[in-house]
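Here are my notes from going through the model you sent. Have it open while you read.

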Amino acid sequence: MRAPSGAAPVPRARIGAIDALRGLVMLLMLVDHVREFFYLHAQVSDPVNLAATPPGLFLTRVTSHVCAPVFLLLTGLSASLYGQKHGGRAATSAFLVKRGLFLIVLEMTLVNLAWTRALLPSVLYLQVIWAIGLSMLVLAALLWLPRPVLIGAALAIMLGHNALDGIVLMPDQPGYALWSVLHQRGMIPLPWGAARTSYPVLPWIGVIAAGYALGPLYASGADPALRRRRLVALGLTSLTAFLILRGFNGYGDPHPWQAGKDGIAGALSFINLTKYPPSADFLLATLGPGLLLLALFERLPEQSLRWLVVFGGAPLFFYLAHLWALRLVYDGLTTLGLAGGSGRIEAGAPWQIWPIAAAFALALYPACLWMVRLKRRSAWPGLSYL
């Protein structure tokens with residue numbers, strides 16, 4: 001049954017499900033960043049070198065793979081919801097431009113300072129916040145396309161960009177800088193050093209556009225049961241497409257999987273996917289579970305998701321807070337000689353990453369709760385950026 005025309009445009013349960021999924025993503029990201037800060041002696045490649053990486057560390061890394069794709073998908077969906085509430089595509093486009101530029105500046109300043117401890121580092125890392133910002137700028141233009149065209153463009157980018165893998169430009173070739181931003185990880189020379197395009201942005205543009213295309217499922221009067229069925233259908237279709245594409249071991253990821261000496265080795269190789277830039281297989285394997293979780297969270301009692309909603313209700317605040325908390329704690333332990341000469345966890349067990357991340361999450365929860373409550377009661381528009 002459809003809701004009456006006078007129903008609220010975005011019921012609380014729906015927003016709660018979106019924020020809860022975003023919160024789960026933020027917590028898994030925290031786990032991966034704990035690994036990067038405190039497990040420096042065992043850095044992993046992309047894809048992971050299975051011969052040199054313990055299964056526990058590999059699975060810890062793989063668990064975080066859902067973070068960027070699901071977050072970008074929800075960013076696009078949230079942009080559509082913003083338009084439903086604030087006056088349509090013109091308002092949404094303007095908001096995306098302002099927020100996108102803000103995120104790009106933030107990546108180049110506070111975020112890089114947290115990672116490198118330098119205001120003007122010799123290597124400027126252009127990572128996920130940069131990719132989100134650029135994707136927002138592009139979405140500000142793409143959202144004017146008819147919805148079927150937008151959906152087609154999103155799918156073509158996400159599933160077709162691996163056809164461009166063979167295009168590799170050298171630093172002295174025309175278009176190298178632009179291609180490094182779009183699809184090829186590279187070092188772009190700067191007057192004081194170089195910029196590292198850790199997150200080539202082209203596939204992420206497809207993901208944020210796909211998220212925006214989901215917006216009508218959350219329109220005023222939309223049938224919640226029908227929405228959940230469609231989310232489940234999309235999630236299962238994504239996972240099925242991944243299994244088929246990956247199973248053929250051809251197109252879909254530049255690194256084919258290998259059977260290995262036993263079933264476990266073969267299974268690990270099967271899910272050892274390319275993230276930079278995210279392959280078609282990578283996106284199918286991560287967005288599928290994300291869509292299924294979005295449908296599931298909408299069915300769960302709101303009370304059971306409240307702690308996730310807190311972390312997802314102020315995602316940028318949590319992102320900055322957790323980075324600086326990790327930086328300050330890591331530097332403090334290093335100064336005291338407690339983190340080891342290379343900043344490693346002395347016991348060296350990958351499972352230790354998880355309780356450390358849980359401790360950081362518990363410590364950050366009160367600050368995130370304060371920010372969520374501040375956003376709800378304050379009329380200052382700048383808080384919407386956090």
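1. Ground rules first. This is a predicted model, where local features need pLDDT of at least 70 and side-chain atom pairs count only at pLDDT 80 or more, while totals for chains, interfaces and linings use all residues. Residues are numbered from 1 along each chain as its sequence is written, and side-chain values use heavy atoms, with hydrogens and water left out.

2. Aromatics. The whole structure holds 12 aromatic pairs (ring centres of Phe, Tyr or Trp, the latter by its six-membered ring, within 6.5 Å; planes under 30 degrees apart are stacked, over 60 edge-to-face, the rest tilted). Phe 38 and Phe 360 make a tilted pair, because their centres are 6.3 Å apart and their planes sit at 40°. Phe 38 is in helix α1 (residues 12–38) and Phe 360 in helix α14, so the pair ties together parts 322 residues apart in sequence. (Helices, H or I of at least four residues, and strands, E of at least two, are DSSP runs numbered from the N terminus.) Both Phe 38 and Phe 360 are buried (under 20% relative accessible area; exposed is over 50%, partly exposed in between, with a 1.4 Å probe and protein chains only). The two also belong to one aromatic cluster with Phe 37, Trp 115 and Tyr 330.

3. Which helix is largely enclosed by the rest of the structure? That's α12 (residues 306–313), because 6 of its 8 residues are buried. Among them are Leu 308, Val 309 and Phe 311.

4. Charge. Arg 306, Arg 373, Arg 376 and Arg 377 gather in a positive surface patch (residues with over 30% relative accessible area and no salt bridge, like charges joined within 9 Å; a salt bridge puts a Lys or Arg side-chain nitrogen within 4 Å of an Asp or Glu carboxyl oxygen). Helix α14 (residues 353–377) gives the largest share, 3 residues. Arg 376, in α14, is exposed at 60% relative accessible area.

5. Backbone. Most residues other than glycine have a negative phi, and most peptide bonds are trans. Here, Asp 46 and Pro 47 are joined by a cis bond with omega about -10°, and the bond from Tyr 276 to Pro 277 is cis as well, with omega near -5°. Arg 117 has a positive phi of about 65°; Arg 117 sits in the loop between α4 and β1 (123–126) and is exposed at 56%. Asn 249 has a phi near 60° and is partly exposed at 28%.

Methods:
Patch = residues over 30% accessible without salt bridge, like charges linked within 9 Å, V, L, I, M, F, W, Y side chains within 5 Å. Areas by Shrake-Rupley, 256 points an atom, 1.4 Å probe, with all protein chains shown as cover. Lys, Arg positive; Asp, Glu negative; His and termini not counted. Charge placed at Lys NZ, Arg CZ, Asp CG, Glu CD.
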